[in-house]
Each structure stands twice: as C-alpha cells, then as structure tokens.
Amino acid sequence: MSWAGPEDVYLSTSLASYLDRKILVLLRDGRKLMGTLRSFDQFANAVLEGACERVIVDEQYCDIPLGLYVIRGENVVLIGDMDTEREELPPHMIRVSETEIKRAQKVEREAGELRGTMRKRMEFLDFD
C-alpha cells in the first residue's frame, strides 16, 4: 500500500466531481476529446464513454466518434466540465463531414509546411 500525498488527494477529489459528467480533455498533441467521464485514477488516466474528437479547422468543425476511450494521464494537459445547456461553439462555425475536415487538416498542414520552407529560404535576409 502506498501513501497518497496531499496533491494526490486534491487531484482525485477534483476529478471525482466530474464523474458521470460530460467533460472536455485537451491532450499534449493538441487534440480535444469530449465524453462522459466514467473512471480515473491518481495518475489522471481516464476512461471516457461516448467519446469523440472535436477537430476544428478555421470555421469548420467535426466531431469524430471514438466510443469508449482510455486516456493515459501523462498526455492530459487540461480537463474541464462542459456546460451541456449552453451552445458549445460560436454560431459562425460550420459542421462538416469527417472526410471534409480531414481534407481541410491536410491543406492546413501543407500550408504550414510551405510557410516553414519559405521562412528557411529567407533566413539569409537580416531584417534587424
């Protein structure tokens, strides 16, 4: 049996208040997962039921269903309660299909790579 320090007690009591509630989890890789918190441990490992990944590109979004999902605590950046009675996204956001959002992600990624390539090509210019 191991001793639980004060920080462990605080973590478990704060997560306990989210049990059986819809939460949003922000992961280290930038993904945003939503679902109902069903279980957790002292390491913030968590089990989400009815989980989905919310992908947002510009003004488009898609909720990709994941089902029952286990999240390793070391990947968690933030966990927050979701207000199910309020509108979750601004009204200008457009829901699109999974295929469309993946296409938009690819375009966004390629544009970012192109910007990085152009920046490297221009490094010889000293703007200071």
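Which residue stands opposite alanine 51 in β4? Alanine 51 stands opposite glycine 67. The model is predicted: local features require pLDDT of at least 70, side-chain atom pairs count only at pLDDT 80 or more, and totals for chains, interfaces and linings use all residues. Residues are numbered from 1 along each chain as its sequence is written, and side-chain values use heavy atoms, with hydrogens and water left out.

The strands form an open sheet. Helices (H or I, at least four residues) and strands (E, at least two) are DSSP runs, numbered from the N terminus. Two strands count as paired if DSSP finds at least two bridges between them. The sheet has 6 strands in the order β5-β1-β2-β3-β4-β6, and its pairing is mixed. The edge strands are β5 and β6, each of which pairs on one side only.

Pairing in the sheet was examined strand by strand. Strand β3 (residues 46-57) pairs with β2 in the antiparallel sense, over 7 bridges. Leucine 37 faces leucine 48 of β3 across this pairing. The hairpin of β2 and β3 has 5 residues between the strands, and alanine 44 takes a positive phi near 70 degrees there. β3 also pairs with β4, again in the antiparallel sense, over 10 bridges. The hairpin of β3 and β4 has 2 residues between the strands. In that hairpin, aspartate 58 has a positive phi near 55 degrees. The pairing of β4 with β6 is parallel and spans 2 bridges. Here isoleucine 94 in β6 is the bridge partner of glutamine 60. Helix α2 (residues 98-121) packs on the sheet and touches β3 and β4, and its direction makes about 100 degrees with that of β4. Axes are lines fitted to C-alpha atoms, for helices over the stretch in contact, and angles run from 0 to 180 degrees between N-to-C directions. Contact means heavy atoms within 4.5 Å.

Charged pairs were examined next. Side chains of opposite charge can pair when their charged atoms come close. A salt bridge is a side-chain nitrogen of Lys or Arg within 4 Å of a carboxyl oxygen of Asp or Glu. The structure holds 7 salt bridges. One of them joins aspartate 20 and arginine 38, with the closest N and O atoms 2.6 Å apart. Aspartate 20 sits in the loop between α1 (6-16) and β1 (22-27), whereas arginine 38 is in strand β2 (residues 32-40), 18 residues apart. Asp20, Arg38 and Glu49 are linked in a network of salt bridges.

Accessibility is given as relative accessible area: buried is under 20%, exposed over 50%, and partly exposed in between (1.4 Å probe, protein chains only). Aspartate 20 is exposed at 53%. Arginine 38 is partly exposed at 38%.

A further salt bridge connects aspartate 81 and arginine 21 (2.4 Å, N to O). Aspartate 81 belongs to strand β5 (residues 76-81) and arginine 21 to the loop between α1 and β1, 60 residues apart. Both are partly exposed, aspartate 81 at 34% and arginine 21 at 39%.

Arginine 95 forms a salt bridge with aspartate 63, at 3.7 Å between the closest N and O atoms. Arginine 95 lies in strand β6 (residues 94-95) and aspartate 63 in strand β4 (residues 60-71), so the pair ties together parts 32 residues apart in sequence. Arginine 95 is exposed at 52%, whereas aspartate 63 is buried at 18%.

Threonine 36 lies in strand β2 and is buried at 19%. Beyond its neighbours within four places in sequence, threonine 36 contacts Asp20, Arg21, Lys22, Val47, Leu48 and Glu49.
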